[in-house]
Amino acid sequence: MKQFYARAKEKAALMLAAGEEKLTAIDRWRFLRAGIFALVLVLIGATVFLLNLHTPLNVDDYDFFYSWATGDFISGIGDVIRSQMVYYRLWGGRSVNHANLQLMLYLGKDIFNVANTAMYLLLLLEICYIAGAGKKTGGFEWLPMLIAHLILMTMVPFFGVTCLWATGACNYLWGTVLALMPLAVLRSVREGGLLSANRFTGALCVPLGLIAGWTNENITCGMIAVVFLTLLFDALEGRRVHKRLWAMWMAQCIGAVIMLAAPGNSARAETISTLSPVLEIIKRFVSVTAYGASYLGVLFAATVLLACGLGRTSSRKGYAFMLVFGALISSYAMMGSPFLADRTFISSVALMICALLVVLGDQMERMPSAGAARLIILAPLLMVMVYTGYHALKDVKAYEAQWNQVVASIEEAVEQGKEEVIVPSIKSHSRFTVDTQIMEDPQVWPNSTMGKYYGIRIIGE
């Protein structure tokens with residue numbers, strides 16, 4: 001019996017080894033990798049598009065239908081620019097993000113659904129490109145993209161606010177994509193890519209830096225710090241430092257100054273009550289640390305464990321921790337704001353995902369059968385993705401049905417010539433939806449803007 005068991009065990013081991021070798025060889029087929037990459041991209045795109053399709057416009061969206069300059073509906077691109085000039089003076093400096101929002105609302109929700117899906121896919125591709133810096137790959141790396149998507153879908157409790165709701169998406173999803181551009185530019189220029197080609201692409205780095213710096217206050221600070229330290233380390237270690245990268249960094253700083261210097265920022269801050277300076281700083285530090293531990297703690301721990309497992313064999317470990325540093329700077333930069341919202345952590349999460357994928361990629365390079373492992377885990381990961389997307393869509397459609405009932409009640413009251421209508425608020429019970437708080441007083445926000453949009457006084461239950 002023991003001899004039979006030994007022979008069976010040896011035969012099984014040989015079969016497993018042969019199977020791993022065969023799967024590893026299959027994984028090298030470029031056509032197969034391209035096909036899997038396309039399949040994953042299409043499935044993710046279809047899921048996110050359906051979620052966008054069933055996420056209604058509400059709350060802040062009604063404000064941005066109107067021009068801040070005239071108070072009338074946005075009438076074109078020129079009107080968007082004029083509106084943002086007034087918005088800059090009265091409310092805040094995120095001109096790039098809110099210009100995108102007002103343009104999307106002007107073009108219509110159908111256009112936004114497509115554009116926002118494309119922007120989400122662009123974020124995933126951008127994360128993968130940033131994580132691939134300094135590494136030679138065979139192309140069509142579908143696993144990092146799928147991992148990034150699953151992390152965002154399952155570990156971000158404010159996914160709907162930042163990636164589906166129009167106002168939130170244009171501020172945080174689109175803002176993150178734009179703010180991370182300098183890291184993509186860094187890789188392209190330092191590795192002899194497209195943006196290192198000629199003077200025209202060199203000049204292009206300046207507007208890209210300006211736009212990146214003029215997005216969100218927290219991620220802008222993180223990106224400025226990471227780009228500066230990267231260029232400084234390049235200079236100290238004797239590597240070539242491209243002038244176009246310094247120009248991009250300076251443009252980032254200019255964009256950040258323009259955003260932070262908006263008169264509207266000061267005017268809005270004055271309306272928020274705060275504690276004494278020392279207590280306020282302590283309160284903000286504790287709040288940011290608590291939020292950061294909740295949203296970044298698992299990703300940080302996984303990154304550190306994988307990095308430690310690499311020992312001294314990884315030349316990219318320092319790059320991974322530079323991305324972690326950027327995520328932490330982006331998080332603690334929020335201490336400068338009198339109001340801390342959890343949705344602002346989406347950019348820090350994106351940077352932490354990049355760091356995790358860097359060390360994960362280096363770990364897989366050390367695995368002789370990494371190709372076989374990728375193919376074996378493909379089906380389970382796709383099942384998790386489809387399952388998560390299915391339940392997300394159920395939540396979003398249930399929320400949509402509730403909101404449509406509210407809108408139907410308002411429109412019915414308008415048709416009947418009523419002067420006011422009473423409607424309920426909608427509480428979000430899912431990471432993929434948004435709270436809609438309708439106040440009792442029809443003169444306060446958001447009732448006031450909704451009332452203007454529908455032409456009736458709206459009162460919350």
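1. Ground rules. Residues are numbered from 1 along each chain as its sequence is written, and side-chain values use heavy atoms, with hydrogens and water left out. Because the model is predicted, local features need pLDDT of at least 70 and side-chain atom pairs count only at pLDDT 80 or more, while totals for chains, interfaces and linings use all residues.

2. The α4/α5 pair. Have a look at helix α4 (residues 77-90) and helix α5 (residues 95-107): their axes (lines fitted to C-alpha atoms over the stretch in contact) come within 10 Å and cross at roughly 140°. That makes α4 oblique to α5, oblique being what remains once angles under 35 degrees (roughly parallel), over 145 (roughly antiparallel) and 65 to 115 (roughly perpendicular) are taken out.

3. Who meets whom. On the α4 side, the contact (heavy atoms within 4.5 Å) takes in Ile 77, Val 80, Ser 83, Gln 84, Tyr 87 and Tyr 88; their partners in α5 are Ser 95, His 98, Ala 99, Gln 102 and Leu 103. Sorted by type, that is six nonpolar, five polar and no charged residues.

4. Asp 362. You'll find Asp 362 in helix α17 (residues 346-365). With 8% relative accessibility, Asp 362 counts as buried (under 20%). Its side chain makes a polar contact (N or O atoms within 3.5 Å, one able to donate a hydrogen and the other to accept it) with the side chain of Arg 316, at 3.0 Å.

5. Glu 419. Glu 419 sits in the loop between α18 (370-415) and β1 (420-423), and at 67% relative accessibility Glu 419 counts as exposed (over 50%). Leaving aside residues up to four places away in sequence, Glu 419 touches Ile 456 and Arg 457.

How values were computed:
Axes are lines fitted to C-alpha atoms, for helices over the stretch in contact, and angles run from 0 to 180 degrees between N-to-C directions. Helices (H or I, at least four residues) and strands (E, at least two) are DSSP runs, numbered from the N terminus. Ala, Val, Leu, Ile, Met, Phe, Trp, Tyr, Cys and Pro count as nonpolar, Asp, Glu, Lys and Arg as charged, and the others, Gly among them, as polar. Buried means under 20% relative accessible area, exposed over 50%, partly exposed in between (1.4 Å probe, protein chains only).
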